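Good morning, everyone, and thank you for making the time.

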Amino acid sequence: MELQKKPIREFTAQVVKVVQETPTTKTLVFDLSHTDFDFYPGQYVMLNVPYEGELLKRAYSIASPPTRKGLLELTVKRTPNGRASVVLTEQTKEGDTFLIKGPYGKFVWVPQMGTDIVLMGAGSGIVPLMCILRYIRDARLEHVRAVLLYSNTHYEEIIYRDELQDLDKHSNIKVVHTLTRSWPEDWKGYRGRINAHMVLKEVENIPSNLYYLCGPPQFVDDMASLLEELGVDKGQVKKEKYD
Ligand SMILES: Cc1cc2nc3c(=O)[nH]c(=O)nc-3n(C[C@H](O)[C@H](O)[C@H](O)COP(=O)(O)OP(=O)(O)OC[C@H]3O[C@@H](n4cnc5c(N)ncnc54)[C@H](O)[C@@H]3O)c2cc1C
């Protein structure tokens, strides 16, 4: 299905709020009331990040849904020894301004593409998937059925933990967590990487869903192979690699 492209805009935007999501992750909320920026759920923007006298251009998925006009949320996880992500998570404060360009990307979901969707993410790979879930909730798309399979190393690293718990209460949204390295004693989610057993248990009619995979390249490749083994057609799978 060919979607009409949203026009690419370039604008300066001010950070109006900084939210600590996890020990290593922050959400930056930008005021966009002065632009007519629009995008599809799943897309990303390019951000110019000042670093030691140069401007680093980095891609960040949009976390807020397109239904929330006048603001834009980006959620950034600090990459060990990274440059832009350290500026964004450790030095950026309310009032700072950034040059933003976008939207970009074909990792897009709109209901016309399919109403049974499975979102599979690892770490900060949750961001565009969260945009999709927020869109389903805010636009009241009750005919859509979404399953999120979200993998993290540790409990403390689960981004949007409370909001995901609330989303799971919606009858058409299911949130499934797995932790790969450590877990609390009373942990009720899965342990270990997302595998065939989990997908078979949590997803109905496996070949008939649309799949959205996002996270580190190895995660995305592993999930794509897993889905192929489970009989999902490649055309049903969309991928976004954070490299
Ligand atoms: C489409 C897309 C969307 C994305 N969305 C998000 C998002 O929503 N949230 C998010 O957190 N991230 C996202 N990313 C990742 C993001 O764009 C950055 O790549 C990330 O923030 C790291 O940038 P950085 O400047 O901090 O790291 P960099 O400084 O570029 O470093 C990246 C890695 O390279 C290593 N490295 C750096 N310099 C060297 C060197 N000289 N020699 C060897 N190794 C080195 C670092 O240790 C680090 O592991 C997205 C990526 C893509 C492609």
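**The ligand shell and the sheet**

Let me start with the ligand, where strand S4 (54-61), strand S5 (71-77) and helix H1 (84-91) each supply at least two residues of the shell around it. Please keep in mind, as we go, that this is a predicted model. The largest share of that shell, five residues, comes from S4. Altogether 21 residues surround the ligand, and the closest are Asn81, Gly82, Arg83, Ala84 and Ser85. If we sort the shell by class, we find ten nonpolar, seven polar and four charged residues.

Six strands form an open sheet with parallel pairing, and their order is S10-S9-S8-S7-S11-S12. Strand S10 (190-191) and strand S12 (237-241) stand at the edges with a single partner strand each, so one side of each is left without a neighbour in the sheet. Strand S11 (residues 210-215) pairs with S12 in the parallel sense over five bridges, and the bridge partner of glycine 215 is lysine 241, in S12.

Two helices remain to be described. Helix H2 (residues 126-138) packs on the sheet, where it touches strand S7 (116-122), strand S8 (145-152), strand S9 (173-179), S11 and S12, and the direction of H2 makes about 150° with that of S8. Helix H5 (residues 217-229) also packs on the sheet, touching S7, S11 and S12, and the direction of H5 makes about 155° with that of S11.

Note on methods:
Residues are numbered from 1 along each chain as its sequence is written. This is a predicted model: local features need pLDDT of at least 70, side-chain atom pairs count only at pLDDT 80 or more; totals for chains, interfaces and linings use all residues. A residue is near a molecule or strand if its C-beta atom, placed from the backbone, lies within 6 Å of it. Helices (H or I, at least four residues) and strands (E, at least two) are DSSP runs, numbered from the N terminus. Ala, Val, Leu, Ile, Met, Phe, Trp, Tyr, Cys and Pro count as nonpolar, Asp, Glu, Lys and Arg as charged, and the others, Gly among them, as polar. Two strands pair if DSSP finds at least two bridges between them. Two residues are in contact if their C-beta atoms, placed from the backbone, lie within 7 Å. Axes are lines fitted to C-alpha atoms, for helices over the stretch in contact, and angles run from 0 to 180 degrees between N-to-C directions.
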